[in-house]
There are 2 protein chains.
Amino acid sequence: MREQFPFTIARVTRRWRKMLDERLKDLGVTQARWSAMFYLKAGGEGLTQRELASLMAIENPTLVRLLDSLEGQELIERRPCPNDRRARRLHLTDGGRAFMDEMTTRADRLRDEMLEGVSEKDIEVTLRVFGTVLENAHKQR
Amino acid sequence: MREQFPFTIARVTRRWRKMLDERLKDLGVTQARWSAMFYLKAGGEGLTQRELASLMAIENPTLVRLLDSLEGQELIERRPCPNDRRARRLHLTDGGRAFMDEMTTRADRLRDEMLEGVSEKDIEVTLRVFGTVLENAHKQR
DNA sequence: TTCGATAATAGCATGCTAACCATGCGCTTA
DNA sequence: TAAGCGCATGGTTAGCATGCTATTATCGAA
């Protein structure tokens, strides 16, 4: 059984991304870009890029490009940080905030459809497994 | 709890890929390329590209590039298919077969480390959840 | 001959590392 | 105390790998 784990988890992740990308397409947004906006809102606006990257568990250069797109679409803003001239503080624009509802509704609906028929208990087990794997990964290196 | 699922599964998948890439690096191979060789061996050599892509659940153009690299490294061969001049039959080279043991050993060791402390029962639950999600995804579209 | 299937190509999105600026901070030293 | 040197940190850029879709070329089959 264990042998299937890495292949199958990768497959589920690919499929999920693909489907969310499809459903957000007409809003001009992708899974990754929505996810950046989602974490920005959840983490409280005014985060620095470093902080947001760490929250999303991605590397800084990956985030930079997501933010470039989002800024180009005027969904977020990078504002100078008064205390530290190296840093930028991130904020949603009014337009960005307006879109968030619709995007999040669609992501939620997809999640409900994808997890249909999965019991709360099984979700808990799965998330616990994920947690253990992340801890194990953290231990090394 | 359900809300965390999509974010966390993506995170685990990213982390896993990164770690396996690291551990295979000195062999000149990545997770994706090893995976192609693994499925080719598992599915029986002589598969066509279409068949291998379908086995791996990736799209054909994604596989084409993986095979380009692997062929360049002389780990696999694309042989013409006698019955159908459009198709190519895939085979590991002798060199490729020689590498497979070491690569698979490393992938197995990583898997054991990543899943350390996870009970067989929890693995089963998790794989069942994955199965349900893939079915649900299949239903739509 | 026309329609479908196989592979390849082109181009985008998003992961990553490595290398680079600019700025900030801390420690030594005059 | 003040100056300055050197390392750390925030962000960016460049370049690779691997997902995807859309399109094309070639061939097979009805």
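Is Phe130(A) buried or exposed, and how many other C-beta atoms lie within 10 Å? Phe130(A) is buried, with 21 other C-beta atoms within 10 Å. (A residue counts as buried when 20 or more other C-beta atoms lie within 10 Å of its own, as exposed when 12 or fewer do, and as partly exposed in between; C-beta atoms are placed from the backbone.)

## The model

This is a predicted model: local features need pLDDT of at least 70, side-chain atom pairs count only at pLDDT 80 or more, and totals for chains, interfaces and linings use all residues. Residues are numbered from 1 along each chain as its sequence is written, while chains are lettered from A and ligands numbered from 1 in the order in which they are written.

## Chain A in outline

Chain A has six helices and two strands. From the N terminus, the order is α-α-α-α-β-β-α-α. (Helices are DSSP runs of H or I with at least four residues, strands are runs of E with at least two, and both are numbered from the N terminus.) The C-alpha atoms of chain A fill a box of roughly 55 × 40 × 25 Å along the principal axes.

Chain A has 141 residues, and 29% of them count as buried. Among contacts in chain A with a separation of 6 or more, 48% join residues 24 or more positions apart. (Two residues are in contact if their C-beta atoms, placed from the backbone, lie within 7 Å.)

## Where chain A meets chain B

Phe130(A) sits in helix α6 of chain A, residues 120–139. Leaving aside residues up to four places away in sequence, Phe130(A) touches Thr8(B), Ile9(B) and Val12(B).

In total, 37 residues of chain A are in contact with 37 residues of chain B. On the chain A side, α1 (4–24), α5 (94–114) and α6 each supply at least two residues. The largest share, 14 residues, comes from α6(A). By class, this side of chain A has 20 nonpolar, eight polar and nine charged residues. (Ala, Val, Leu, Ile, Met, Phe, Trp, Tyr, Cys and Pro count as nonpolar; Asp, Glu, Lys and Arg count as charged; the others, Gly among them, count as polar.)

## How the two copies are related

Two copies of a chain are related by a rotation about an axis and a shift along it.

The same surface serves both copies: 100% of the contact residues of chain A recur in chain B.

The axes of α3(A), residues 49–56, and α4(A), residues 60–72, come within 9 Å and cross at roughly 110°. That makes α3(A) roughly perpendicular to α4(A). (Axes are lines fitted to C-alpha atoms, for helices over the stretch in contact, and angles run from 0 to 180 degrees between N-to-C directions. Angles of 65 to 115 degrees count as roughly perpendicular, under 35 as roughly parallel, over 145 as roughly antiparallel, and the rest as oblique.) Gln49(A), Arg50(A), Leu52(A), Ala53(A) and Met56(A) in α3(A) meet Asn60(A), Leu63(A) and Leu67(A) in α4(A). These contact residues divide into five nonpolar, two polar and one charged.

Ala57(A) lies in the loop between α3 and α4 of chain A. Most residues other than glycine have a negative phi. Phi of Ala57(A) is positive, near 60°. Ala57(A) counts as partly exposed, because 15 C-beta neighbours lie inside 10 Å. In chain B, Ala57(B) has a positive phi of about 60°.

## Around the DNA strands

DNA strand D is surrounded by 27 residues, and the closest are Gln49(A), Arg50(A), Pro61(A), Thr30(B) and Pro61(B). (A residue is near a strand if its C-beta atom, placed from the backbone, lies within 6 Å of it.) Two or more residues each come from α1, α3 and α4 of chain A and from α2 (31–43) and α4 (60–72) of chain B. The largest share, five residues, comes from α4(B). The surface near DNA strand D divides into eight nonpolar, seven polar and twelve charged residues.

DNA strand C has 27 residues around it, and Thr30(A), Pro61(A), Arg85(A), Arg50(B) and Pro61(B) come nearest. For the surface near DNA strand C, the largest share is five residues, from α4(A).
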